[in-house]
Amino acid sequence: MVTSNSEQDDLMGLLIAVSREDRLAFQRLYEKISGRMFGLCLKLASQRDLAEEAVQDAFVQIWHHAGEYHSERGAPLSWMLTIARYRTLDLMRNRKSRPTSGDAHLERVADERDGPLDESLRVAGTAELRGCLDELSETQRDSILLSYYRGFTHDELSEALSSPIGTVKSWIRRGLMALKRCLER
Amino acid sequence: MKKTPERIEALAAEYVLGSLHGAARRRFERWMMESVRVRQEVWFWEEKLGHLGARIEEEQPPASVWAGIERRLWPQTGNAVSAEAANDASGRWFWPGWSMLATAAALVLAVVLVQQPEPEMDDRLSGAIVQADVSDPLWLVSESSLDRQLKLRPVAATAAQQGKDYELWIVPADGQPLSLGVIPVGGTYQVTLDDETRALLSNSRTLAISLEPVGGSPTGQPTGPILHVAKLYEL
């Protein structure tokens, strides 16, 4: 699933139309990207109802804020997926903060039969960041990808990777800085 | 905590990744409001990490998701529900989510420190309504407990499109937004706040501007797109 320049141009055109309150363009935008957005939210939350709510919220925001997109914020698709991702993380945190659902995410971690990170995601992530992820240690890379794709908190990472929280935090911090140095080269 | 380049760099990355939580996340959001440099660092990571999202396996959401979006955005055109009931429902959903909108969407807020000598005790709220692609704030907002006036001074704001008006709202911590009237074109807009209104504002410190038909919302609640949300700060 590669996003070509011409697709980004299409999305840009649709976003501009949406900023002028063009409902038809908004519907086309939804048809084009809702599958990818829902896939991302679902991967992150592992809960269908939460992912559905996040996609709804994200599109409502896109409708209201399309005019505020600008190229410094990344390609149009990345920008829209980022909105959905933040919304998913917010909803996940809200649910976790409720005392009654406290164990739900632990079950999720415990239930990962093939390890928490699919091989396909590891490969995809590596390809997208111009090979820079390859320059990180395996633990740095996995903790970054688990945070990104699965929304793991430090606690969950510590459990999933069987390492102390302090260690996990340092993997993330150092990994991100090494990634930045590589991306800036 | 000081905004050193190293801290900005490290925290922006963790913010976008999602591993920055709780008070640290909120403090960083405050930094984003205050500094273009911080926002640019966040955008760098949103752009880079955003590529990761494009590679996930697609999954079509159920049709109810699109139906829900339409219901929220255009409740008045819904077939099954009456306009008023739908509007009510969407309002209940929409408003609590605004604090998040203000940080995660492209909208960026700024703190404007208005330096004014204050001989008497005066609680002041201040802020700016800004737009990411416009370097100057659209409006500067100030509110003073002494003269009970909320002032909205246009800086880079332009008139609403033909046939539309901007309407100003207080977004309470919970409940429906309260209209502060239609913002006239040009000149400073001043509203006198009664005790109740002032309490609402000093509690939530959140204002919003929506695009409405000329003369303002016909329903008493926002009907058009919400253009801006701004948080005020105590000076």
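Predicted model: local features only at pLDDT ≥ 70, side-chain atom pairs only at ≥ 80, totals over all residues.
Two strands pair if DSSP finds at least two bridges between them. Strand E3 of chain B (residues 149-154) is joined by 4 bridges to strand E6 of chain B (residues 189-192), and the two run antiparallel. Within this pairing, B:Leu150 stands opposite B:Val191 in E6(B). Strand E2 of chain B (residues 139-144) pairs with E3(B) in the antiparallel sense, over 6 bridges. E2(B) and E3(B) form a hairpin with 4 residues between them, and in the turn B:Arg148 has a positive phi of about 55 degrees.

Helix H7 of chain A (residues 138-150) packs against helix H9 of chain A (residues 165-184) at an angle of about 95 degrees, the axes being 8 Å apart. Because angles of 65 to 115 degrees count as roughly perpendicular, H7(A) is roughly perpendicular to H9(A). Residues of H7(A) in this contact include A:Ile144 and A:Ser147, and among those they meet in H9(A) are A:Trp171 and A:Leu176. By type, the residues of the contact divide into 6 nonpolar, 5 polar and 2 charged.

The two chains also meet each other. Their contact takes 54 residues from chain A and 44 residues from chain B. On the chain B side, helices H1 (5-17), H3 (36-53), H4 (63-73) and H6 (98-104) each supply at least two residues. The largest share, 10 residues, comes from H3(B). The side of chain B that touches chain A is made up of 23 nonpolar, 11 polar and 10 charged residues.

Conventions:
Residues numbered from 1 in each chain as written. Chains lettered and ligands numbered in written order. Contact = placed C-beta atoms within 7 Å. Nonpolar A, V, L, I, M, F, W, Y, C, P; charged D, E, K, R; others polar. Axes fitted to C-alpha atoms, helices over the stretch in contact; angles between N-to-C directions. Parallel < 35°, antiparallel > 145°, perpendicular 65-115°, else oblique.
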